[in-house]
Amino acid sequence: MFNQVLQEYEALMKEPWVKFGTKLKLREFKELLDHLPRSSSVAVISAASLQKELFTDSGAGTLIRRGYKLFKHSSIDALGPDRLRQVIYDRDPEVAAGYQSVTGVLNDLKKTPFTIYGDEPLDVIAIISHPEGETPIMTKLLASRNGMLNNVVDNVFSAIKRDHRRLFWTAQADDDNRAWHFERADGSFTRAGKSLFWYGVQDVAEVEKIVKGFEEKGRIERSYLPVGPSAPPHRMPTTNGVKSFSTLARRSFPSSSRGYTTVASPVSTAPKRLALVGARGYTGQALTSLLSKHPHLDLTHVSSRQLAGYPLETYTKTAVNYTDLSTADVERMEKDGEVDAWVMALPNGICKPFVDAVDRGSKVRKSGVASVIVDLSADYRLKMGGRMDFRVRVLRYQCKQYL
């Protein structure tokens, strides 16, 4: 489903891909909505998808709402203290769990310069802490169910990205909208049920420097940061009085016929075809750059729902365009033997359907030799105990093993 608030109508009409029939339809949609109640919307769907649009939350086709104007304020009084208190009381999980009070949240807010982003009915409230010369932190993102379903949270986040070229934020691992955070982050760190996310920082050393600053100044709760004691490493038997430690642990998946290992197979010089699922994030982008320099791996498919149709600029061997591969596409490609290896660079918790699709296709693969799967998320790759588990570090580690 696509939701475009008409507040952005003028900017949308200037986009190079909006022309001819598309421009005419958008103009007619706006003229129609201008004379209807604000709760009205226009849905463009096929007759076969009508039931999905009417009776499910996900909907179908293209949905356009008139929407509400977005705002940003640098003071609580500009928004209204009582309105903000009520939103925090109703939606803040830290307050609901008793870890914070509404008064404590408001007092913490005043310690550094901040900006409050949201929409007029307060379906979404985001608070950005941005001391002069320091990296901004989104300390709160409080969205109602309506704000998530109608993509108001995406519009608010886009406004934040226009103002801040880099940002860090946190979320609980059991957050109902966990996938949303991963899709919008360039990197993440998860430990003990808590996740740290960021965008706009591409260098691991810089991430570590920023995190160190957060720790020293107490800007983010320590339990969210990749610092301090972590889980003990897996122990190996003592040899000659010297205790060895292994940072790798093997996981098995009885329901799958495929084995997974961190041990590299003997290097083959025969060119291999590789497909990358989840190419939009920083991990996928960094991998495509590495593959450009690899003499024996050819990237033939890159999948990204949001970038489908656009050229992949970080891969220089041949011209490759993004496609939007479904699990059915993956199963068919594996069955037809179109690739020799799959790399999954998806957010945590999303990889399994694609792995299952590869397994189904491999059982009837015409060549009889199943593809290799490398998972760069936390779903199937092996834990690295006692190490800072930045996604980019995992990428570099696994590329050395597999590539």
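Is E338 buried, exposed or partly exposed? In this predicted model, E338 comes out as partly exposed, because its relative accessibility is 25%, and buried would call for a value under 20%.

E338 pairs with R332 in a salt bridge whose closest N and O atoms sit 2.8 Å apart. R332 also meets the side chain of D336 in a salt bridge, this one at 3.9 Å from N to O. In general, an α-helix has 3.6 residues a turn, so residues three or four places apart point the same way. As for accessibility, R332 counts as partly exposed because its value is 38%, and D336 counts as partly exposed at 33%.

Helix 13 itself covers residues 327-336, and its buried residues are V330, M333 and E334. Looking down the axis of helix 13, these buried residues fall within an arc of 100°, so they line one face of the helix. What do the buried residues of helix 13 pack against? Their partners are strand 14 (297-303), strand 16 (341-344) and helix 14 (352-363). Just after helix 13 comes G337, with a positive phi of about 70°.

Running over residues 81-91, helix 5 has L84, V87 and I88 buried. Viewed down the axis of helix 5, the buried residues stay within an arc of 95°, so they line one face of the helix. Turned away from that buried side is a face of helix 5 that carries the exposed residues D82, Y89 and D90. The cover over the buried residues of helix 5 draws on both helices and strands: it includes helix 4 (76-79), helix 6 (93-96) and helix 7 (102-109), along with strand 5 (114-119), strand 6 (124-129) and strand 7 (137-143).

Back to charged pairs: how many salt bridges turn up in the whole structure? The search finds 19. Side chains of opposite charge can pair when their charged atoms come close. One of these salt bridges joins E134 to K217, with the closest N and O atoms 2.9 Å apart. E134 lies in the loop between strand 6 and strand 7, while K217 is part of helix 11 (residues 204-217), so the pair ties together parts that are 83 residues apart in sequence. E134 counts as partly exposed because its relative accessibility is 28%, whereas K217, at 54%, counts as exposed.

L122 has a phi near 60°, a positive value in a residue other than glycine. Its place is the loop between strand 5 and strand 6, and L122 counts as buried because its relative accessibility is 5%. A192 has a phi near 55°, again positive in a residue other than glycine. A192 lies in the loop between strand 9 (187-191) and strand 10 (194-199). Is A192 buried or exposed? With a relative accessibility of 77%, A192 counts as exposed.

Note on methods
Residues are numbered from 1 along each chain as its sequence is written. This is a predicted model: local features need pLDDT of at least 70, side-chain atom pairs count only at pLDDT 80 or more; totals for chains, interfaces and linings use all residues. Side-chain values use heavy atoms; hydrogens and water are left out. Buried means under 20% relative accessible area, exposed over 50%, partly exposed in between (1.4 Å probe, protein chains only). Helices (H or I, at least four residues) and strands (E, at least two) are DSSP runs, numbered from the N terminus. The arc is that of the directions from the helix axis to the C-beta atoms. Contact means heavy atoms within 4.5 Å. A salt bridge is a side-chain nitrogen of Lys or Arg within 4 Å of a carboxyl oxygen of Asp or Glu.
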